[in-house]
Amino acid sequence: MAASPGPAGVGGAGAVYGSGSSGFALDSGLEIKTRSVEQTLLPLVSQITTLINHKDNTKKSDKTLQAIQRVGQAVNLAVGRFVKVGEAIANENWDLKEEINIACIEAKQAGETIAALTDITNLNYLESDGQITIFTDKTGVIKAARLLLSSVTKVLLLADRVVIKQIITSRNKVLATMERLEKVNSFQEFVQIFSQFGNEMVEFAHLSGDRQNDLKDEKKKAKMAAARAVLEKCTMMLLTASKTCLRHPNCESAHKNKEGVFDRMKVALDKVIEIVTDCKPNGETDISSISIFTGIKEFKMNIEALRENLYFQSKENLSVTLEVILERTEDFTDSAYTSHEHRERILELSTQARMELQQLISVWIQAQSKKTKSIAEELELSILKISHSLNELKKELHSTATQLAADLLKYHADHVVLKALKLTGVEGNLEALAEYACKLSEQKEQLVETCRLLRHISGTEPLEITCIHAEETFQVTGQQIISAAETLTLHPSSKIAKENLDVFCEAWESQISDMSTLLREINDFNVLLFKIILIFLLSQKNNANLKSLKPDKPDSEEQAKIAKLGLKLGLLTSDADCEIEKWEDQENEIVQYGRNMSSMAYSLYLFTRGEGPLKTSQDLIHQLEVFAAEGLKLTSSVQAFSKQLKDDDKLMLLLEINKLIPLCHQLQTVTKTSLQNKIFLKVDKCITKTRSMMALLVQLLSLCYKLLKKLQMENNGWVSVTNKDTMDGKT
């Protein structure tokens, strides 16, 4: 299953819109710089907060005092870098300059205060045992830390406003140039304006790409990817459609073709701004309200809530919710492309669900008046029955949609209709054009309806958005191909008309390919969830202590979370292996520990897919204990290496180590914590911690490699970082 940031077939098919790289005017890395400084700064503030939470009479050794001072200095240095970025942003944005500068001054003052209050040279409180009591002005440190967090947040929010303003300004420039392109009357003028348009689209691509990468909401990220994919593909269509219109100014189909491209690009540009500014147009429908799988998930949550609260909701609401779900299944049963067997099975399961809900309501009413054990057991049985029926309905709908999509894609894989349209266009055969245009319209309706069915069973919001994007693309592109073919048929000797038809046909073929990827991702996702359920049920069955407890079966949201974490973990192991391959000395201890950690993390990734040597959650917990121990060994080796470095490089490396050590200890704690029957929750926490550790491992391996190369250049020779003398602190 692909792990792209956007939905299948949407996340960047070209050099401009696929990269998401920075490259805009204000600062080539404004968001990157502020984000990296933020990531460095906030963990350090957290360390300061931890330090000041000690009791006031706590005695500190000289070693501890030096560590405290290093943290204070590191915070101050990070604040300094942050302030420089903030001031650069302020100088480029006069409307926000005063606000940003005030926040930067506050941040600078807070950093200097923390550095001063953690400076051991200012402490003269020597005790009789040779130890020192620190933080006599504990309140001052707390105030400084709070001020620092507040001021940093202000700067980041203001910087975010700057980025949003840049994207809106860029969009407005693109729209203005598009208006000029629509009115152009000569080739020379068109070439000149289109060149400017191309540059503006590149700028907008970089800005929107950076924003897409920074979005935390997967739904918004998928929407952004879909809108950017439209802009990317339409840019080439705009070129050929406009040239065709200029070559054949009196051709109605050519103008219709061009107008369709302009309209779609304007909608996509507006969609990007909606996502960036977080503004929904009036009347927009949330896609979750039209997904059957989402409706079933919410319905099951409602009926399962009856176990805890019999008065959680009304019977009428529950009945209405089920009816809404079953009405949506009419998209399947009313479809001319659904087989008779699938239609009958869907109707049968729908009827069964209605009957079981009536039984549940009957028992529910009795349970509200009678508090007996037998009624409680009967209610539990009714809940399990209707849940099982709905699960069977989900399976049937999934089988119907995926089988239909697979058959359709296979049938249209050779693109016979597109080839025929091209041939009839070159021949100027208007009668044949009408015949094949009708066939393409039929094919388009089949694909649109199939995308609608896939949307119901996709399982996640990003995949739902991909289905909607595919549905819209087939709908629009199908009409545009017909108008482009009509233009060519009317002007069979026109090279530009032929080129234009080729471009639109390529867009159709590309979307067919993307739909194949989408179908594979939907299948992979559902198969993966099924495997996860089996694994966790098996792990609980094998655990003797849990025989008397209810299975902690994960719901679809939890399953999706585990699947996603596993996929990201798999990618991080690849990144770690790439960093390890760079090292010439593969026997280096840092490399060995890193390789061991990467190998164990990969086993965890396989576990989330139902594969590999780990069969139960107990196998997993044991391996994670070893993983955490390897992480601590790695930090020891890196600390030994740091003793060879100069102060600035040493500090940089120690800051990264200080992020990894707490995660190792936290993972050890989680693996030892008993969560009774909440095995799924425990594994979820373990995977999350492991993923964070792997992300830091990749950074550490890269940083150590760079610092080692730098050390070698300074010493003009190879410096071993893991020999016995080094481990003893000697150089």
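1. Helices in this note are DSSP runs of H or I with at least four residues, and strands are runs of E with at least two, both numbered from the N terminus. With that convention, helix H8 is followed by Asp278, whose phi is positive and near 60 degrees. Most residues other than glycine have a negative phi.

2. A word on the basis of what follows: this is a predicted model, in which local features need pLDDT of at least 70 and side-chain atom pairs count only at pLDDT 80 or more, while totals for chains, interfaces and linings use all residues. Residues are numbered from 1 along each chain as its sequence is written, and side-chain values use heavy atoms, with hydrogens and water left out.

3. Helix H8 itself covers residues 252-277, and its 26 residues should span 38 Å at 1.5 Å a residue, which agrees with the 38 Å between its end C-alpha atoms. The expected span is 1.5 Å times one less than the number of residues in the helix.

4. His415 is placed in the loop between helix H13 (373-411) and helix H14 (416-427). Its relative accessible area is 16%, so His415 is buried; here buried means under 20% relative accessible area, exposed means over 50%, and partly exposed means in between, with a 1.4 Å probe and protein chains only.

5. The structure holds 23 salt bridges, a salt bridge being a side-chain nitrogen of Lys or Arg within 4 Å of a carboxyl oxygen of Asp or Glu. One of them joins the side chains of Lys165 and Asp95, at 3.4 Å from N to O. Because Lys165 lies in helix H5 (residues 138-183) and Asp95 in the loop between helix H3 (62-92) and helix H4 (97-117), the pair ties together parts that are 70 residues apart in sequence. Lys165 is partly exposed at 33% relative accessibility, whereas Asp95 is exposed at 52%.

6. Which residue forms a salt bridge with Arg171? The partner is Asp270, and the closest N and O atoms are 2.9 Å apart. This pair links distant parts of the chain, with Arg171 in helix H5 and Asp270 in helix H8, 99 residues apart. Arg171 counts as buried at 13% relative accessibility, and Asp270 as partly exposed at 35%.

7. A salt bridge can also lie within one helix: Glu630 and Lys633 meet through their side chains at 3.4 Å, N to O, and both belong to helix H20 (residues 617-642), 3 residues apart, or about one turn of the helix. An α-helix has 3.6 residues a turn, so residues three or four places apart point the same way. Glu630 is buried at 8% relative accessibility, while Lys633 is partly exposed at 41%.

8. On the surface, Glu327, Glu330, Asp331 and Asp334 gather in a patch of negative charge. Patches are made of residues with over 30% relative accessible area and no salt bridge, like charges being joined within 9 Å and nonpolar side chains (Val, Leu, Ile, Met, Phe, Trp, Tyr) within 5 Å. Glu327 lies in helix H10 (residues 315-328) and is partly exposed at 48% relative accessible area. Glu330 lies in helix H11 (residues 330-333) and is partly exposed at 40%.

Key
Areas by Shrake-Rupley, 256 points an atom, 1.4 Å probe, with all protein chains shown as cover. Lys, Arg positive; Asp, Glu negative; His and termini not counted. Charge placed at Lys NZ, Arg CZ, Asp CG, Glu CD.
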